[in-house]
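Thanks for coming. I will talk through a few charged residues, one group at a time, and you can follow along on the screen.

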Amino acid sequence: MSMTIAGILMLAVFVTGLISFHQATLTGNQMVSGAMKESRNLWEDRGRTNISIIDTSFDPAACKVDMTLENTGSESITSLHLMDLIIQLKGANSSIDRQEYIESSSIPAIGSWKIGPALTDLEFEPEIFNPGELIEIQTMLNIPGEGETIGRVTIITPNGVSTEAPLGSLYTPCLTSGP
């Protein structure tokens, strides 16, 4: 009789372990499936996102670069403040600088960038860069030495889509202390 009870208890422990293992496997599969769906959604959003720098200009007196950016994709871009702006300088003043976003109505300080006056109607949805809209981005450079310097700007959206454009020959030296 005690052998039968011991056998039943062992069988119950085995079945409970089997059920727990099965439940853990199902939970893990659900988590992997959810991650795969999220990854697919992000890649689809990235595939519909496209931006283009359509114009750049450099003001040597103020060391300021103005860029016109167009959303040429079919996806709206939110969180504009999370975009990365990278300036690469080659030549006598070689450097690679990531500019920081500031929310300001004045001229940005050296090493920062801001969204300038809207070129199309951003007042309707001020934090959303819709397809077909144009925005102006302003940044300040610090080019301390004399010599031939050329520049390149890269802008990267929060989901990783990037665009780049040459800044051309930059007049040097360009010294400024910001606003």
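Asp66 sits in strand S2, which covers residues 64-71. Please keep in mind that this is a predicted model. Is Asp66 buried or exposed? Its relative accessible area is 18%, and buried means under 20%, so Asp66 counts as buried. What is Asp66 in contact with, once its neighbours within four places in sequence are left aside? The list has Asp55, Thr56 and Ser57, and then Glu136, Ile137 and Gln138.

Next, salt bridges. How many does a search of the whole structure find? The search finds 7. I will go through some of them.

Take Asp45 and Arg48. These two residues form a salt bridge, and their closest N and O atoms are 2.5 Å apart. Where do they lie? Both are in helix H1, residues 2-48, and they are 3 residues apart, about one turn of the helix. Asp45 has 25% relative accessibility, so it counts as partly exposed. Arg48 is at 35%, and it counts as partly exposed too. The pair also belongs to a network: salt bridges link Asp45, Arg48 and Glu75.

Now to the strands. Asp84 forms a salt bridge with Arg98, with 2.7 Å between the closest N and O atoms.

As for accessibility, Asp84 is at 23% and counts as partly exposed. Arg98, at 45%, also counts as partly exposed.

Arg98 has another partner to mention. Its side chain meets that of Glu100 in a salt bridge, at 2.6 Å from N to O. Glu100 has a relative accessible area of 44%, so it is partly exposed.

To go back over it: Asp66 is buried in this model. Arg98 forms salt bridges with Asp84 and with Glu100. That is my part done.

Key: Residues numbered from 1 in each chain as written. Predicted model: local features only at pLDDT ≥ 70, side-chain atom pairs only at ≥ 80, totals over all residues. Heavy atoms only, no water. Salt bridge = Lys/Arg side-chain N within 4 Å of Asp/Glu carboxyl O. Helix = DSSP H or I, 4+ residues; strand = E, 2+ residues; numbered from the N terminus. Buried < 20%, exposed > 50% of the residue type's maximum accessible area, 1.4 Å probe, protein only. Contact = heavy atoms within 4.5 Å.
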